Amino acid sequence: MYIEKVNTFLAQKYPEEPPKACVRSFGCQQNSNDGEKIKGLLSVMGYSFTDDTDNADIVIFNTCAVRENAELKIFGIVGEMKHLKKRKPDVLIGICGCMVQQEHIVEKIRRTYKQVDFVFGTFAMHKLPEILYKALTERTFIVDTAEYGITENICEKIVRDCTYKAGVQIMYGCNNFCTYCIVPYVRGRERSRKSDEIIAEIKGLVADGVKEIMLLGQNVNSYGRGLDEDIDFSRLLRKINGIDGDFRIRFMSSHPKDAGRELIDAILECEKVCKHLHLPVQSGSDRVLSAMNRGYTSAQYREIVDYARSKKTDFSFSTDIIVGFPNETREEFEETLELLEYVKFDSVFSFIYSKRNGTKAALIEDGVDYPEKAERMNILLKKQREIAVERYSSFIGREMLVLIDGPSATEGKVTGKSDEFIIVEVDGDSSLAGEYVKVRIIGAHNWALIGNIIN
């Protein structure tokens, strides 16, 4: 009903050409997927799109709350929007996503950022047509951060940012409550989509020429719990692998406490599933892992790695690491360095601990100062650079299939990712984007492999 109302209103207000929308998503790939769904809703309501906020008639910021820096960045950008609002009073400015699912953030926006017209949380995306209609007609500040049921069928149309890669949400929310993490509070409890809905969506994407499917969830290993069907994540992988077509399958994120041999076996036995596992370890210290409420030990993590590499010696692992969790000692940090040396990760996403209001870790009085944490971060980054060069050098001389993404920072070159999720740089131009190319590896940096395309 509200979709038609917005359509009618916009057709009258903009009779010559459709109004333009700018949607900017921050944070994880799930947020990017949400941004594509928001664009789908805006499209059916009559909007076209622009990447330039100055040319937009509506601007929506789809936000992240995982770290403080992400929130500060958003506030900085939104603060600049007061100039756009002054120049174009009719422009609508909205903020949505994880950040605004926190009550104190909404109050800050209400009190300080008067240029913002509407706010909606992670559960209210399906309410956007109603929110937008009220914003267009009533011109009052609108907030909807209520928790609704699962709403994955938000819009039949999704405006994808990429034609050859697509994210597919298989589940929502998280039940883990790691002590440092705000996600369970802003994304809610775990809810899985029915497998036939997921299969149908992927079949449609493959028919449209999509070559890489990324399965998305806060903890994909929890998939299937609570569904009225006998399925788990490993069986879902096998079902997707059985879909006809030339495409490959990735997924994130995977929680170590739920990543067992069945998952590794499914990855190795399904020819379309990439032989790579992003498995966030966060710390190599058992004391810190317990304080984080992670539910596994360093030894149990190593067992997963050992099993995978006993089956395939060059099985690829990447991970997330938090440096400077409250009261982490130097010795505990060194245990993390030992884990890096043991696993030899292909890549590491590392962050200095960021206090999140509302989490249990935020209540811990921290005896480690920031300069010490920053020094540890530099040590970890140096160690990982050394490991990456060693690891990547082992690929020299091999042939790899690479899906090209686009231009490299190096002129005359393009980059893509291998099956192992390693960046590969080759000679070429943007016409190669979206194509699989066979590459022979001739060199290695600490961030990428260098190769030549094999004709």
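## A tour of rings, a cavity and a loop

Select Tyr 296 and Tyr 301 to start: Tyr 296 is buried, as is Tyr 301 (buried means under 20% relative accessible area, exposed over 50%, partly exposed in between, with a 1.4 Å probe and protein chains only). This is a predicted model, in which local features need pLDDT of at least 70, side-chain atom pairs count only at pLDDT 80 or more, and totals for chains, interfaces and linings use all residues. Residues are numbered from 1 along each chain as its sequence is written, and side-chain values use heavy atoms, with hydrogens and water left out.

**Aromatic rings**

The count of aromatic pairs is nine. Rings of Phe, Tyr and Trp (its six-membered ring) pair if their centres lie within 6.5 Å; planes under 30 degrees apart count as stacked, over 60 as edge-to-face and the rest as tilted.

**Charges over rings**

A charge sits over a ring if NZ of Lys or CZ of Arg is within 6 Å of the ring centre and within 35 degrees of the ring normal. Select Arg 67 and Phe 351: Arg 67 lies over the face of Phe 351, 3.6 Å from the ring centre. Then select Lys 417, whose charged end is over the ring of Phe 421 at 5.2 Å from its centre.

**A loop residue**

Next, select Thr 50, in the loop between strand 2 (48–49) and strand 3 (58–63); strands (E, at least two residues) are DSSP runs, numbered from the N terminus. Thr 50 counts as buried because its relative accessibility is 14%. Show Asp 52 too: its backbone nitrogen lies 3.1 Å from a polar atom of the Thr 50 side chain.

**The second largest cavity**

Finish by selecting Met 214, Ile 249, Arg 250, Phe 251, Met 252, Val 273, Cys 274 and His 276, which line the second largest cavity. A cavity is a set of points on a 1 Å grid over the protein atoms alone where a 1.4 Å probe fits but cannot get out, and lining residues have an atom within 4 Å of a point. Strand 11 (residues 248–252) gives the largest share of this lining, four residues.

Definitions and conventions. On a 1 Å grid over the protein atoms alone, a cavity is a set of points where a 1.4 Å probe fits but cannot get out, and a pocket is an open set with protein on both sides within 12 Å along at least five of seven lines; lining residues have an atom within 4 Å of a point. A polar contact is a pair of N or O atoms within 3.5 Å; within protein, one must be able to donate a hydrogen and the other to accept it, and residues adjacent in sequence count only if both atoms are side-chain atoms.
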